[in-house]
Amino acid sequence: MIKKRLGWVTAVGLGAIAAMSSGSAYAQAGPRVLLASINGQDYQSIMQIAPQSAEDYYNQGIVLQGRGQVEAAIEKFSQALALEPDNADYTFSRGLAYADRGDIDHAIQDYSRAIALDSNLTSAYYNRGLALFSLHRLNDAINDFSAALSIDSGFIAAYYSRGMAYYDQGKLQLARQDYNQAKSLNPQISEAFYDKGFIRPLVGGD
């Protein structure tokens, strides 16, 4: 059965962060995220069944989103939520699908609802922060990245993203602090991004 909790996703144009992982429950393989490993046989069995439960709809939504069929995924997640409206995972997953579609307002609504249902859902804070960052709501984005870090202090991508928000605010010292913290947690990944010039402004061109 598909794992119910999705990890963080770079859904709003910050794909360069995709290679970073906190080393905890979060992983990223690209613009879309699917933590469950689904082989062809699993896919066939999941998609061939006639959904009988919210989880059935959810599982089909996960498969569809992983295959890039975003509209169909949103419909499946909505059907799951019609049966279990207070499920944080289903709500968060639909938010990811909305973000994949470029519907940032609806994505934020679902992330916020997921957080209201589960205040420890780190990935919802992080993804809402990314969405807010894309809207240039930098203070709100920083608050969400900070909330994610208060739950998972090893969440490397959250340090990077918060650092970028600080940088856009002109708060270079805070930006450098977040970059250095991310680098201390995973020097190899940080150096890779540094070498590409992705984060060079945050360290003053060192």
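His-136 is found in the loop between helices α6 (122-134) and α7 (138-151); helices here are DSSP runs of H or I with at least four residues, numbered from the N terminus. The model is predicted, so local features need pLDDT of at least 70 and side-chain atom pairs pLDDT 80 or more, while totals for chains, interfaces and linings use all residues. Residues are numbered from 1 along each chain as its sequence is written, and side-chain values use heavy atoms, without hydrogens and water.

His-136 is not a glycine, yet its phi is positive, about 65 degrees. Its relative accessible area is 66%, which makes His-136 exposed (exposed is over 50%, buried under 20%, partly exposed in between, with a 1.4 Å probe and protein chains only).

Helix α7 packs against helix α8 (residues 156-168) at an angle of about 155 degrees, and their axes are 9 Å apart. The two are therefore roughly antiparallel (an angle over 145 degrees).

| Helix | Residues in contact |
|---|---|
| α7 | Leu-138, Ile-142, Phe-145, Ser-146, Leu-149 |
| α8 | Ala-158, Tyr-159, Ser-161, Arg-162, Ala-165, Tyr-166, Asp-168 |

Helix α9 (residues 172-185) has 14 residues, which at 1.5 Å a residue should span 20 Å (1.5 Å times one less than the number of residues). Its end C-alpha atoms are 20 Å apart, in agreement with this. Ala-175, Asp-178, Tyr-179 and Ala-182 are the buried residues of α9. These residues lie on the same side of α9, because they cover an arc of only 100 degrees around the axis (taken from the directions from the helix axis to the C-beta atoms).

Conventions: Axes are lines fitted to C-alpha atoms, for helices over the stretch in contact, and angles run from 0 to 180 degrees between N-to-C directions. Angles under 35 degrees count as roughly parallel, over 145 as roughly antiparallel, 65 to 115 as roughly perpendicular and the rest as oblique. Contact means heavy atoms within 4.5 Å.
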